[in-house]
Amino acid sequence: MASTDKPASPPKPEAPLPASKCPFNYSVVDVTLRVLLFAATVTSVVVMVSSKQTEVVPLPTMPTVRLPLPAKFSHSPALIYFVAALSVTGLYSIITTLASISVALTPAYSKSFLLVFAFLDVVFVGIVASATGAAGGVAYIGLKGNNHVGWNKICNAYDKFCRHVGSSVAVSLFAAILLVLLSMMSTFTLYKKIRD
Amino acid sequence: MDGVGSNVKVVESSRRVTHCDLILRILGLILTLVAAIVTGVDKETKTISVSITKTLPTLHVPVTAKWHYMSAFVYFLISNAVASLYAAASLVASMAVRTSKEKAAMALVILDMTIMGLLFSSNGAAIAVGVLGQYGNSHARWNKVCELFGGFCHEMTAAIILSLVGSLVFFWLVALAILNLHKKSG
């Protein structure tokens, strides 16, 4: 009797489906945000690395002599930190996209994965926010200069360099906002698990 | 009986987390407030001698370093002040409302995270400009200024370190809350 009952039970797993549909939607949004994060970090790094510009400017020691001098991101420690931090974030976004897809396909591991995601997302919020702050602070001095300490602006000479740095910082700001959204979502998923 | 025991355990662990939470919030409040105050009162005046031509006598010009001369330090001070105000408000809120209620805890986690991002970005900006002041940048011809304003730079460094520890405190707040949510969900 029990064995004949079993074929009748398959409709049963259909009942929890509406409940499990919700986490699936969450994971779709999660994967989308992570792919967007990857695109944003890669764009930001590429734009920053390709910002090299050589211009004919007067020499620092002899203002009468004009020589072609390059401007590139590796001249400033803040911009080097920016490129390193965003490259690491890009790598992290690839790994977590794959992990997020695999969790969506096999929900068995989802609990420990969720905790790790929530932690690492918060760590990367800190990393990307500090990198954006550092690059933005230096780029602002490059744009406006500072007459109190005698730092001249360089953006009038190196226009392409400055445009690249500015857009790169803007894209990384977008990446930081994406990461905040992602970590809010990871926390919210944990929260939903309590309510269910 | 068993159910009662586990219930007591859950209440105890959440109370311990709340104590830890309160201590961390007070720490964050103190650290960011002190960082903001140290930045705000940091001021140094030095006299430099300028000789324009050999015939004219050398001029002694007083020059001052203040936080609001550098936009990154303005951002640093404001975000530290905002963070300490938020820490005070959240301290009051978490004492008034029991944070064991998940909804309030969720709202606090999200706000904590935002403030943490703000603190980290302002620390990044202040450190980047501080490094420029310390070492200068020969490519952009930005000379170092910390040789002249040694005291100003030391106080700024202290404020940055305090604020860095403060932002790590906010990170631990978020991490603890996430761990707490994880424990409750299991």
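# Helix packing and disulfides

Me: Is A:Leu114 buried or exposed?

Reply: In this model, which is a predicted one, A:Leu114 has a relative accessible area of 13%. A residue counts as buried when its relative accessible area is under 20%, and because 13% lies under that cut-off, the class of A:Leu114 is buried.

Me: Which residues does A:Leu114 touch, not counting residues up to four places away in sequence?

Reply: A:Leu114 has its place in helix α5 of chain A. A:Val29, which stands 85 residues away from A:Leu114 in sequence, has its C-alpha 14 Å from that of A:Leu114. When residues up to four places away in sequence are not counted, the residues that A:Leu114 touches are A:Thr189, A:Leu190 and A:Lys193.

Me: At what angle do helix α5 and helix α6 of chain A pack?

Reply: Two packed helices are described by the angle between their axes and by the distance between those axes, so both values are needed for the description. Helix α5 covers residues 110-144 of chain A and helix α6 covers residues 159-195 of chain A, and their axes are 8 Å apart. The angle at which these two helices pack is about 155°.

Me: How are α5(A) and α6(A) directed relative to each other?

Reply: The angle between α5(A) and α6(A) is about 155°, and angles over 145 degrees count as roughly antiparallel. α5(A) passes α6(A) in a left-handed crossing, and by class their contact has 17 nonpolar, seven polar and three charged residues. From the angle it follows that the direction of α5(A) and α6(A) relative to each other is therefore roughly antiparallel.

Me: In what order do the elements of chain B run from the N terminus on?

Reply: The secondary structure of chain B comes to four helices and two strands. Read from the N terminus on, the elements of chain B run in the order α-β-β-α-α-α.

Me: Among contacts in chain B between residues at least 6 apart in sequence, what percentage join residues at least 24 apart?

Reply: Chain B has 186 residues, and buried residues make up 42% of them. When the contacts in chain B between residues at least 6 apart in sequence are taken together, the share that join residues at least 24 apart is 74%.

Me: With which residues is B:Met156 in contact, leaving aside its neighbours within four places in sequence?

Reply: B:Met156 has its place in helix α4 of chain B, and at 3% relative accessibility it counts as buried. B:Thr39 is 117 residues from B:Met156 in sequence, yet the two are 6.3 Å apart in space, C-alpha to C-alpha. Leaving aside neighbours within four places in sequence, the residues in contact with B:Met156 are B:Thr39, B:Asp42, B:Phe73 and B:Phe76.

Me: What is the torsion about the S-S bond of A:Cys155 and A:Cys162?

Reply: A disulfide joins A:Cys155 to A:Cys162, with a distance of 1.9 Å from S to S. A:Cys155 is buried at a relative accessible area of 14%, and A:Cys162, at 17% relative accessibility, also counts as buried. The disulfide is left-handed, because the torsion about its S-S bond is about -80°.

Me: How many disulfides does the count come to over all chains?

Reply: A disulfide is a covalent bond between the sulfur atoms of two cysteines. A:Cys155 and A:Cys162 are joined by a disulfide, and B:Cys146 and B:Cys153 form a disulfide with their sulfur atoms 1.9 Å apart. B:Cys146 and B:Cys153 are both buried. Over all chains, the count of disulfides comes to two.

Me: What is the phi of B:Arg141?

Reply: B:Arg141 has its place in the loop between α3 and α4 of chain B, and it is partly exposed, with a relative accessible area of 40%. Although B:Arg141 is not a glycine, its phi is positive, at about 60°.

Terms used. Residues are numbered from 1 along each chain as its sequence is written. Chains are lettered from A and ligands numbered from 1 in the order in which they are written. This is a predicted model: local features need pLDDT of at least 70, side-chain atom pairs count only at pLDDT 80 or more; totals for chains, interfaces and linings use all residues. Side-chain values use heavy atoms; hydrogens and water are left out. A disulfide is a pair of cysteine sulfur atoms within 2.5 Å. Buried means under 20% relative accessible area, exposed over 50%, partly exposed in between (1.4 Å probe, protein chains only). Axes are lines fitted to C-alpha atoms, for helices over the stretch in contact, and angles run from 0 to 180 degrees between N-to-C directions. Angles under 35 degrees count as roughly parallel, over 145 as roughly antiparallel, 65 to 115 as roughly perpendicular and the rest as oblique. A crossing is left-handed if the near helix is turned anticlockwise from the far one by less than a right angle, and right-handed if clockwise. Ala, Val, Leu, Ile, Met, Phe, Trp, Tyr, Cys and Pro count as nonpolar, Asp, Glu, Lys and Arg as charged, and the others, Gly among them, as polar. Contact means heavy atoms within 4.5 Å.
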